[in-house]
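Okay, thanks for making time, everyone.

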Amino acid sequence: MKKLISGLFVLVSAFVLATAVFAANKNDNNDWKEMLPMMKQMHPNLSEEQLQKMYETVSK
């Protein structure tokens, strides 16, 4: 019984930690600004709007 409770506690703790890390890293505007130069270099024939749509699709 103690192993079950311990395992459940570890699982819940890991989920809470992962959620907190995800929320802390969810700063789309700054990430987009940082990625734009590299994306323009990799896809020079795409417009900024197309690049942003691509970024939003991949980052979700």
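Before I point at anything, one term: when I say two residues are in contact, I mean they have heavy atoms within 4.5 Å. And please keep in mind that what you see is a predicted model.

So, with that term in hand, look at M39. Setting aside the neighbours within four places in sequence, M39 is in contact with W32, L51, M54 and Y55. M39 itself sits in helix α2. Is M39 buried or exposed? It's buried, with a relative accessible area of 8%; the cut-off for calling a residue buried is under 20%. Take L51 from that contact list: M39 and L51 are twelve residues apart along the sequence, and their C-alpha atoms are 7.0 Å apart in space.

Okay, let's zoom out for a second. The protein has three helices and zero strands, so reading from the N terminus you get α-α-α, given that helices are numbered from that end. There are 60 residues in the protein, and 8% of them count as buried. The accessible surface comes to about 5400 Å², and carbon and sulfur atoms account for 66% of that.

Now back to the inside. Which residues make up the largest nonpolar core? There are five: W32, L36, M39, L51 and Y55. Helix α2, residues 28–42, and helix α3, residues 48–59, each supply at least two of the core residues. The largest share, three residues, comes from α2. As general background, nonpolar side chains in soluble globular proteins tend to be buried together.

K40 is found in helix α2. With the neighbours within four places left out, K40 is in contact with E48 and L51. K40 and L51 are eleven residues apart in sequence, and 7.7 Å apart from C-alpha to C-alpha. K40 counts as partly exposed, at 40% relative accessibility.

That brings me to charges. How many salt bridges does a search of the whole structure find? Two. One joins the side chains of E48 and K40, at 3.6 Å from N to O. E48 is partly exposed too, at 41% relative accessibility.

The other salt bridge is between the side chains of K53 and E49, again 3.6 Å from N to O. Why are K53 and E49 about one helical turn apart? Because they lie four residues apart in helix α3. E49 counts as exposed, at 53% relative accessibility.

Last stop, the surface. Here you can find a nonpolar patch made of L8, L11, V12, F15 and V16, and together these have about 530 Å² of accessible area. Let's pick out F15 from that group. F15 is found in helix α1, which covers residues 2–25. F15 is exposed because its relative accessible area is 60%, and the cut-off for exposed is over 50%.

Then find the salt bridge between E48 and K40, and the one between K53 and E49. Finish on the surface with the nonpolar patch that includes F15.

Methods
Residues are numbered from 1 along each chain as its sequence is written. This is a predicted model: local features need pLDDT of at least 70, side-chain atom pairs count only at pLDDT 80 or more; totals for chains, interfaces and linings use all residues. Side-chain values use heavy atoms; hydrogens and water are left out. A nonpolar core is a set of buried Ala, Val, Leu, Ile, Met, Phe, Trp, Tyr and Cys residues joined through side-chain atoms within 4.5 Å. Buried means under 20% relative accessible area, exposed over 50%, partly exposed in between (1.4 Å probe, protein chains only). A salt bridge is a side-chain nitrogen of Lys or Arg within 4 Å of a carboxyl oxygen of Asp or Glu. Patches are made of residues with over 30% relative accessible area and no salt bridge: like charges are joined within 9 Å, nonpolar side chains (Val, Leu, Ile, Met, Phe, Trp, Tyr) within 5 Å. Accessible areas come from the Shrake-Rupley method with a 1.4 Å probe; for residues, only the protein chains shown count as cover.
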